[in-house]
Amino acid sequence: MFIDISSLKKSYSSGLVKTEVLKGIGMKLEKGEIGVILGPSGSGKSTLMNIIGGIDSGDSGKVVVDGVEINNLSSDLLTEYRREDIGFIFQFYNLVPNLTVGENIEVVSNISKSPLNIDEVLAAVGLQDKKRRFPRELSGGEQQRVSIARAIVKNPKLLLCDEPTGALDYQTSRSILRLLQQVNKKYGTTILMITHNAAIAAMANRVFKVRSGEIVEATVNEVTVPAERIEW
Ligand SMILES: Nc1ncnc2c1ncn2[C@@H]1O[C@H](COP(=O)(O)OP(=O)(O)OP(=O)(O)O)[C@@H](O)[C@H]1O
């Protein structure tokens with residue numbers, strides 16, 4: 001099992017008030033699968049994903065990714081895990097505004113142990129002719145493609161996507177989802193994606209419904225739907 005989480009708990013305290021955000025999460029995803037996390041605002045989706053990505057840590061429970069218990073890693077090893085193994089994609093693309101498309105990808109590839117070729121990655125996201133543009137000269141969908149290229153250039157084991165289509169219109173969203181599916185196929189990258197949009201679940205191998213810090217339903221799709229055929 002590539003991701004194997006059990007009894008994961010996490011609370012945040014402010015003053016005397018303690019809020020339990022994750023109340024004993026259990027979740028499994030196989031290598032090469034696409035998983036979708038669905039749930040209302042504030043249910044704990046981003047907290048869960050941030051713990052899986054080594055940005056945040058759980059209070060108790062086990063989080064095993066590719067055989068490594070990441071809750072026990074030293075801070076140096078956790079940094080290495082985040083840098084080498086995880087690609088992050090967010091709703092707002094977080095590109096560096098004064099670097100070109102090529103340079104935005106290069107800064108990540110430069111610090112990676114076994115990066116993919118930048119031009120190959122740009123071609124994979126359909127932006128080979130935009131390498132010298134700046135982010136402000138691109139549409140939202142194109143900027144998200146750059147952020148996907150930046151995430152995959154390090155050839156991560158796991159791609160974590162937090163509402164990757166949240167800021168995009170319908171057609172652009174579908175093309176981004178299609179691209180993520182293509183990345184999953186081409187590079188065998190395991191993908192875990194948060195969304196509010198239940199229709200997107202059809203493209204996933206596994207779907208996790210989160211409510212108030214608990215997984216209330218985990219389903220396996222025997223057949224997945226190509227993103228271009230999903231409608232909402
Ligand atoms: N650093 C923090 N300190 C205190 N509370 C936090 C912190 N991060 C998250 N929370 C709280 O934890 C709860 C879950 O937040 P989280 O961002 O994980 O939810 P979410 O399901 O991703 O929501 P959304 O869909 O709106 O992004 C919320 O009530 C939030 O206010």
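**View 1. Strands S9 and S10 form a hairpin with 2 residues between them.** In the turn, Ser212 has a positive phi of about 45°. Strands here are DSSP runs of E with at least two residues, and helices are runs of H or I with at least four, both numbered from the N terminus. S10 comprises residues 214-220 and runs antiparallel to S9, to which 6 bridges join it. The model is predicted; local features require pLDDT of at least 70 and side-chain atom pairs count only at pLDDT 80 or more, while totals for chains, interfaces and linings use all residues. Residues are numbered from 1 along each chain as its sequence is written.

**View 2. Strand S9 also pairs with strand S3 in the parallel sense.** Two strands are taken to pair if DSSP finds at least two bridges between them; S3 (residues 34-38) and S9 (residues 206-211) share 4 bridges. Val36 has Val207 of S9 as its bridge partner.

**View 3. Val36 and Ala149 have the most contacts inside the largest nonpolar core.** This core has 57 residues. A nonpolar core is a set of buried Ala, Val, Leu, Ile, Met, Phe, Trp, Tyr and Cys residues joined through C-beta atoms within 7 Å. A residue is buried if 20 or more other C-beta atoms lie within 10 Å of its own, exposed if 12 or fewer, and partly exposed in between, with C-beta atoms placed from the backbone. Leaving aside residues up to four places away in sequence, Ala149 touches Ile105, Val121, Leu122, Val125 and Leu127; contact requires C-beta atoms, placed from the backbone, within 7 Å.

**View 4. Helix H1 gives the most to the shell around the ligand.** H1 (residues 45-52) supplies 3 residues of this shell. The ligand is surrounded by Tyr12, Val21, Gly39, Ser41, Gly42, Ser43, Gly44, Lys45, Ser46 and Thr47, where a residue is near if its C-beta atom, placed from the backbone, lies within 6 Å. By class, the shell has 2 nonpolar, 7 polar and 1 charged residues; Ala, Val, Leu, Ile, Met, Phe, Trp, Tyr, Cys and Pro count as nonpolar, Asp, Glu, Lys and Arg as charged, and the others, Gly among them, as polar.

**View 5. Helix H1 has buried residues along its run, and a glycine with positive phi comes just after the helix.** Lys45, Thr47, Leu48, Ile51 and Ile52 are the buried residues of H1. Gly54 takes a positive phi of about 75°.

Terms used: Contact = placed C-beta atoms within 7 Å.
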